[in-house]
Amino acid sequence: MLSLRYRQFYMRKVKYTQSNFYDKLSTIIDEFPRLDDIHPFYGDLLHVLYNKDHYKLALGQINTARNLISKIAKDYVKLLKYGDSLYRCKSLKVAALGPHGKTSSIDPNTRTILICGYPNVGKSSFINKITRADVDVQPYAFTTKSLFVGHTDYKYLRYQVIDTPGILDRPFEDRNIIEMCSITALAHLRAAVLFFLDISGSCGYSIAQQAALFHSIKSLFMNKPLMVVCNKTDLQPIEGISEEDKKLVAGMKDEAMKTVIGQGGEPTDEAGALLTMSTLTEDGVIAVKNAACERLLNQRVELKMKSKKLSDCLNRFHVAMPKPRDQKERPACIPQAVLEARAKQAEADAEKQKRKLERDLENENGGAGVYSASLRKHYLLANEEWKEDVMPEILDGHNVYDFVDPDILERLEELEREEGLRQAEEGDDDFEMDGAELTPEEQAALAEIRKKKSLLIQQHRMKKSTAESRPTVPRKFDKDKEFTSKRMGRQLSALGLDPTKAIDRARSKSRGRKRERSSERGDGIGNDAMDVDDITPNKKQRRSRSLSMQTSRSMSRPRGEFVPGEGYKDKPQKEKAIKMMKKSANKRNKDARRGESDRVIPTLKPKHLFSGKRSTGKTDRR
């Protein structure tokens with residue numbers, strides 16, 4: 001569910017806009033005089049000049065518009081109150097306020113390039129190519145219905161480019177509002193005019209019709225730099241048009257040449273009057289832009305040079321031209337260090353130009369998509385052959401780069417030297433005599449030594465192992481009665497030992513816990529048995545006994561009983577301390593059991609939500 005804050009935000013926007021319109025329209029209605037309150041002379045004069053009925057009707061329509069705005073705002077506020085998503089609220093806000101039109105700001109005093117011509121001849125495509133203006137381009141006439149402004153740069157100066165709607169060749173009275181925008185711009189703006197000409201005829205108008213339009217509005221080109229631009233040369237080159245069309249184009253070119261001569265140019269400069277280009281292939285687009293900017297810049301410089309303001313400034317300047325005192329040449333003195341530095345810089349530049357770039361290598365080896373640049377060739381390694389070695393990223397479940405050490409070769413050599421020393425020491429310690437070189441008596445003694453050594457190792461292993469780690473044979477696997485006390489007695493008797501006490505001990509261990517305790521008390525076993533089987537409790541048994549004794553002792557006394565020496569004054573103080581301890585541990589235990597998904601609402605009924613007069617939407621909480 002959308003938060004109430006977002007809905008109120010859009011509701012305030014709509015209400016604020018409605019209040020602004022309502023106040024301004026109310027001011028208009030209140031400031032106009034009422035016909036019943038003015039002098040009869042002014043009333044009759046108003047009727048003669050304007051008409052009373054029209055006056056009342058106009059004020060009534062303003063009043064109706066004011067009421068309609070209030071009604072619309074009220075309806076959309078009601079809809080926004082129940083908007084269930086952010087997108088719906090935005091859409092309702094746009095529908096209530098209406099789309100905001102993007103008005104172009106035109107500066108009539110800055111450097112301006114004006115584009116005009118028939119509809120669908122490529123004016124909007126041209127302005128999109130040379131500026132950042134995003135003018136809609138469609139393959140039908142009158143796509144551009146108003147003036148669009150873009151900006152471009154030439155020689156570190158900002159130029160204003162204006163795209164005008166298409167103009168049709170018809171009488172002035174029959175032109176609509178769209179065409180009048182272009183006519184107004186041509187009449188009042190001091191700009192360089194680019195008259196676009198579609199020589200391919202794909203716009204739906206022939207060259208003759210476009211020439212007729214040019215001659216009908218050429219009076220608007222007075223005192224302005226004019227250039228004729230032949231567009232869509234990718235469909236029809238200018239050399240391929242008919243002779244009649246060439247004559248028409250030449251006539252328009254002559255008119256443009258008059259503006260060149262009027263600016264002080266030479267009559268032979270025909271390149272600035274007629275230009276060709278194609279906005280589809282971008283052939284000649286930049287040349288047209290540069291020519292227009294250059295013509296406009298020259299005209300503005302000429303106008304400033306002819307003004308009185310410049311003559312006043314020139315009177316303040318004095319240009320001093322030094323004269324030679326004799327005919328002797330005195331070349332500039334350049335230090336030798338500067339000459340050497342220049343020579344080194346020239347060599348470095350030459351070497352830099354000779355060095356092949358990745359772009360050159362890519363072009364030589366098949367171009368993009370075929371050539372793959374190798375980043376390993378820039379590695380700084382001790383051996384150049386190591387650059388192309390394949391190094392895995394993951395090996396045996398570990399990241400290889402976590403174990404890469406820059407000093408790994410030195411450490412490897414140290415480890416190898418240390419390993420060699422250890423192997424030499426172990427070779428000296430583990431030296432054993434070969435039995436083939438000994439006499440029979442010495443061989444017998446060596447066999448006894450080895451047997452004794454193996455017995456000592458076995459005894460050490462038996463002492464090291466505990467009763468818990470020794471393997472036991474379950475009864476279900478001892479079906480043949482191989483591991484019995486009788487067999488153990490026979491084996492001990494064969495070794496020359498008395499098996500009686502060992503058999504009794506094994507039988508006592510196999511009995512239950514109660515019998516074991518009774519045997520410990522002395523029921524049936526004498527002191528001799530205690531001497532033979534010196535049963536001493538291990539650490540684990542002693543610890544369990546002490547813990548059980550402590551538990552039995554602590555449970556024999558109530559928890560809240562007062563005992564002197566515990567740090568409490570009396571029994572009530574001890575009970576209060578125990579109560580405070582439990583209370584403080586309650587919150588910690590509760591937090592310890594709480595998970596990420598647990599939701600805790602400390603106050604189930606907040607006072608600000610459940611008290612007083614509540615309006616709609618105040619109790620909506622999750």
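How do H1 and H3 run relative to each other, roughly parallel or roughly antiparallel? In this predicted model, helix H1 covers residues 4–31 and helix H3 covers residues 52–81, and the two pack at an angle of about 170°. Angles over 145 degrees count as roughly antiparallel, so H1 and H3 are roughly antiparallel to each other. Their axes sit 10 Å apart. On the H1 side, the contact draws on Arg7, Tyr10, Met11, Val14, Lys15, Gln18, Phe21, Tyr22, Leu25, Ser26, Ile28 and Ile29. On the H3 side, residues in the contact include Leu59, Ile62, Asn63, Ala65, Arg66 and Ile69, along with Val77, Leu80 and Lys81. Sorted by class, the contact of H1 with H3 holds 15 nonpolar, 4 polar and 4 charged residues.

H1 also packs against helix H4, which spans residues 86–97. Here the angle is about 0°, with the axes 10 Å apart. Angles under 35 degrees count as roughly parallel, so H1 is roughly parallel to H4. From H1 come Tyr6, Arg7, Tyr10, Lys13, Val14 and Thr17, and these meet Leu86, Cys89, Lys90, Lys93, Ala96 and Leu97 of H4. By class, the contact of H1 with H4 splits into 7 nonpolar, 1 polar and 4 charged residues.

Which of its residues are buried? They are Ile178, Glu179, Ser182, Ile183, Ala185 and Leu186. Looking down the axis of H6, these buried residues fall within an arc of 160°, so they line one face of the helix. The cover over them includes strand E1 (112–117) and strand E4 (192–198). On the face turned away from that buried side, H6 carries the exposed residues Ile177 and His188.

As for the chain as a whole, its secondary structure comes to 20 helices and 8 strands. The chain has 622 residues, and 22% of them count as buried. Among contacts between residues at least 6 apart in sequence, 59% join residues at least 24 apart.

Terms used
Residues numbered from 1 in each chain as written. Predicted model: local features only at pLDDT ≥ 70, side-chain atom pairs only at ≥ 80, totals over all residues. Heavy atoms only, no water. Axes fitted to C-alpha atoms, helices over the stretch in contact; angles between N-to-C directions. Helix = DSSP H or I, 4+ residues; strand = E, 2+ residues; numbered from the N terminus. Parallel < 35°, antiparallel > 145°, perpendicular 65-115°, else oblique. Contact = heavy atoms within 4.5 Å. Nonpolar A, V, L, I, M, F, W, Y, C, P; charged D, E, K, R; others polar. Buried < 20%, exposed > 50% of the residue type's maximum accessible area, 1.4 Å probe, protein only. Arc of directions from axis to C-beta.
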